[in-house]
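Please keep the sequence and the model open while reading.

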Amino acid sequence: LGARTVLLQGGHNPKIPLEYYLNLIRETRLRFPQVMPHFFSAPEIHAMTRYFKIPAEEILQQFWDAGQRTMPGGGAEILTERVRAEIAPRKTSTEEWLRIHEIAHGIGFKTTATMMYGHVETPDDIVDHLFALRTLQSRTGGLYAFIPWSFKPGNTKLSEKVKTTASGAQYLRVIGL
């Protein structure tokens, strides 16, 4: 139907071997050569380093060799430790998220970056997040898209902490910024 990129993020599962992930990339490229696999976010890569006891550099190089050229920016949430400790305490740290993207850029990957706002962050947290991404981009030039999205409450533990959600005006301000 004309799709050129497929995003795949599957969570953190220590029972899935590295070869499974590599086969997903290889088979996507083999069966659908026009489609770019945009698979596995920094938190997933970080989890794989723990499960397989292999450095991120090696995992990312194997993904590159299998045919992947881009990586999603999911899991960034807000790149400040205060916010991450509150909303994503078991996800990768700000430093590790940025490090994995920098490694990917060094190999040749282009990556995206996300920002989930409208929950417990302050305006200063948003600015810190943007400066962290700007610094990464200045060093590597590897980011090709920025995707801000507002937190949508419902059926999550975070919904219990969030008193108000982002308004349409806040959405426009974030996009404008």
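A residue counts as partly exposed when its relative accessible area lies between the buried limit, under 20%, and the exposed limit, over 50%. Arg82 has 42% relative accessibility, so Arg82 is partly exposed. The model is predicted.

**Salt bridges**

Side chains of opposite charge can pair when their charged atoms come close. The structure has eight salt bridges. The table gives three of them, with the N to O distance.

| Pair | N to O distance |
|---|---|
| Glu57 and Arg99 | 3.5 Å |
| Arg82 and Glu86 | 3.9 Å |
| Arg99 and Glu96 | 2.8 Å |

Arg82 and Glu86 belong to helix α4 (residues 81-87). They are four residues apart, so about one helical turn separates them. Glu86, at 32% relative accessibility, is partly exposed.

Arg99 and Glu96 both sit in helix α5, three residues apart, about one turn of the helix. Glu96 has 15% relative accessibility, so Glu96 counts as buried. Salt bridges with shared partners join Glu57, Glu96 and Arg99 into one network.

Which helices does the pair of Glu57 and Arg99 link? Glu57 lies in helix α3 (residues 56-66) and Arg99 in helix α5. The two are 42 residues apart, and the pair links distant parts of the chain. Glu57 is partly exposed at 38% relative accessibility. Arg99 is partly exposed at 32%.

**Helix α5**

Helix α5 covers residues 94-107, which is 14 residues. At 1.5 Å a residue it should span 20 Å. The end C-alpha atoms are 20 Å apart, so the two values agree. Buried residues in α5 include Thr94, Trp97, Leu98, Ile100 and His101. Ile103, Ala104 and His105 are also among the buried residues of α5. Just after α5, Gly108 takes a positive phi of about 130°.

**Aromatic rings**

A pair of aromatic rings is described by the distance of the centres and the angle of the planes. The structure holds seven aromatic pairs. One of them joins Tyr20 and Tyr21. Their ring centres are 5.8 Å apart and their planes meet at 85°, so this pair is edge-to-face. Planes over 60 degrees apart count as edge-to-face.

Is Tyr21 buried or exposed? Tyr21 has 7% relative accessibility and therefore counts as buried. Tyr20, at 44%, counts as partly exposed.

Tyr21 also pairs with Phe40. Here the centres are 5.1 Å apart and the planes are at 90°, so this pair is edge-to-face too. Tyr21 lies in helix α1 (residues 18-31), while Phe40 lies in the loop between β2 (36-39) and α2 (42-52). The pair therefore ties together parts that are 19 residues apart in sequence. Both Tyr21 and Phe40 are buried.

Ring pairs extend the picture into a cluster. The cluster links Tyr20, Tyr21, Phe39, Phe40, Tyr51, Phe52 and Phe63.

**Surface patch**

Val127, Phe131 and Leu177 make a nonpolar surface patch of about 310 Å². Leu177 is placed in the segment after α8 (168-176). With 66% relative accessibility, Leu177 counts as exposed.

Notes: Residues numbered from 1 in each chain as written. Predicted model: local features only at pLDDT ≥ 70, side-chain atom pairs only at ≥ 80, totals over all residues. Heavy atoms only, no water. Phe/Tyr/Trp six-rings, centres within 6.5 Å; stacked < 30°, edge-to-face > 60°. Buried < 20%, exposed > 50% of the residue type's maximum accessible area, 1.4 Å probe, protein only. Patch = residues over 30% accessible without salt bridge, like charges linked within 9 Å, V, L, I, M, F, W, Y side chains within 5 Å. Areas by Shrake-Rupley, 256 points an atom, 1.4 Å probe, with all protein chains shown as cover. Salt bridge = Lys/Arg side-chain N within 4 Å of Asp/Glu carboxyl O. Expected span 1.5 Å × (residues − 1).
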